[in-house]
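Me: Could you take a look at this one with me? I'd like to start with the ligand and its surroundings.

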Amino acid sequence: MRNLAFSDPDEPGYEPISHYGPGGLCPISLGLSIGPGSPPRYHIVAKIGRGSFSTVWLAHDYDASRNVALKILRAEALATSKEVEIFERLKVSGGPEQHVVELLDAFDHPSANGLHRVLVMEPVVNFDLRLSSDYSPKVGREAIHQMIAGVAFIHSRGVVHGDLHPANFGLAAPELNRFSDLDLWRCMIVPEAFPMVPTSRIWNSDAFPPYFCNCSDLGELLVHCVPEFVQRPLSVRVLDLGNAFLVDESLPPKASTPIPYAAPEIVFSWNVLDTKDVVSDQRSDIWSLALSIYNLVSSNDLFAIFSPPHGDVLYKMMCYCGEVPDAWRGRFTEDPFPPGVSGAAHADDLWNDVEQTFAKRGVEDPAALVRLLRRMMVFDPSRRPTAAELLRDPYFRILQTKPSHDGHESGELPDACAAASRPLLLNLSVPSERECGEEQDFHINRALHQ
Ligand SMILES: Nc1ncnc2c1ncn2[C@@H]1O[C@H](COP(=O)(O)OP(=O)(O)OP(=O)(O)O)[C@@H](O)[C@H]1O
């Protein structure tokens, strides 16, 4: 496949070339308009993400005058993806979505590779802004409460998320709606573009995008152009319902959570019983949620992995949980606890270290946060609290005495979010016409040629 392209980026952030072709990803170029209506409703401005089954793009919605995220699935996922159905299930009761990314629209889009399901969602910003700026969102007590609230909401609708890890939590960014598509072009760092030149006539060049481009960083845009974004309280969103399923589904998908966040019963099946026939459930979501919280608070993985087969993850789990589950006895040659030290005492020592790390990072009430994580990280899935129970954990008691910063809870926008609908902070122009003409062409050309 490599000789297909004139230049193959082969780096994280770029989808592999092999993901294009019949049944594969949708070839997209910046400036394309897709969607219902004539002219089509969504004008693609930047690439903002990619996953195993999709590419994700920032687009300007001309009909609603706002910016949206378009998650464009591989064509072969059209028949199997239940993501839209799951979003529908989350709306069943008619209540407002709570800390779960909102699905605004969905449609199917044809390409040379087949028909692609497109999910139109509110655009969110990655938690990890550290790479692009000095600003690092502080994941404090309220943000942790919102992460749990998002999962509690999903669980309350009879859905298992199945893939909770830090990248699947984002931050609401209604300030993005202050930017027209032309403003976005002006303010964003110009993406890198690698031309894709098929080197053989047998390749259908329509099956590939004309170039690959890297992902634009919406966080960086906001940090630099909308200072209130960094000053206002965070509003968390749970993302990626691509692996989600209904608890009563007869053929649930096999578990696919990344190892550092996967529950012990799942990792044990994968690595010791050597079977992939294991399914996530709401209890395994709770374990993954605990490790996602740990990661976002500390910027580290508790169970970092360095090499397969990841048996060391199970070993670390025993150390932190202070016990060896009955089913695991005899499977490990090494005793996880130092001679003469009980499992419980050893675990206490490790969590004391975690508490000190949290304290150094300025985490609010580190001892109580450690107690919360330890409640979630127990081997026996039936002893893990539900997400709804966790919302009442003593760690959050103080929030009940404070007014909520997150206006979304009460159906109102927080001040800073409401400000998003006010006139632009920057002196940004808002083109009145859909066709921005030569000026827009110029920005696209500049992006592709720099
Ligand atoms: N609403 C959104 N706003 C902004 N970025 C998004 C949004 N949804 C997804 N992304 C970005 O796109 C990436 C891929 O999305 P997502 O995880 O939903 O895709 P996927 O194909 O189901 O991937 P995988 O299952 O491999 O995680 C995310 O990690 C995130 O960075």
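Reply: Bearing in mind that this is a predicted model, there are 20 residues around the ligand, and those that come nearest are Gly49, Gly51, Ser52, Asp240 and Gly242.

Me: ok, and how does the shell around the ligand divide into nonpolar, polar and charged?

Reply: The shell around the ligand is made up of 10 nonpolar residues, 6 polar ones and 4 charged ones.

Me: buried or exposed?

Reply: Lysine 71 counts as buried because 26 other C-beta atoms lie within 10 Å, where 20 or more are needed.

Me: and what is it in contact with, leaving aside neighbours within four places in sequence?

Reply: With those neighbours set aside, the contacts of lysine 71 are Ser54, Val56, Leu119 and Met121.

Me: switching to helix 2, what should its 16 residues span?

Reply: At 1.5 Å a residue, helix 2 (residues 141–156) should span 22 Å, and this agrees with its end C-alpha atoms, which are 22 Å apart.

Me: how many of its residues are buried?

Reply: Helix 2 is mostly covered, with 14 of its 16 residues buried, and just after helix 2 there is glycine 158, which takes a positive phi of about 75°.

How values were computed. Residues are numbered from 1 along each chain as its sequence is written. This is a predicted model: local features need pLDDT of at least 70, side-chain atom pairs count only at pLDDT 80 or more; totals for chains, interfaces and linings use all residues. Helices (H or I, at least four residues) and strands (E, at least two) are DSSP runs, numbered from the N terminus. The expected span of a helix is 1.5 Å times one less than its number of residues. A residue is buried if 20 or more other C-beta atoms lie within 10 Å of its own, exposed if 12 or fewer, and partly exposed in between; C-beta atoms are placed from the backbone. A residue is near a molecule or strand if its C-beta atom, placed from the backbone, lies within 6 Å of it. Ala, Val, Leu, Ile, Met, Phe, Trp, Tyr, Cys and Pro count as nonpolar, Asp, Glu, Lys and Arg as charged, and the others, Gly among them, as polar. Two residues are in contact if their C-beta atoms, placed from the backbone, lie within 7 Å.
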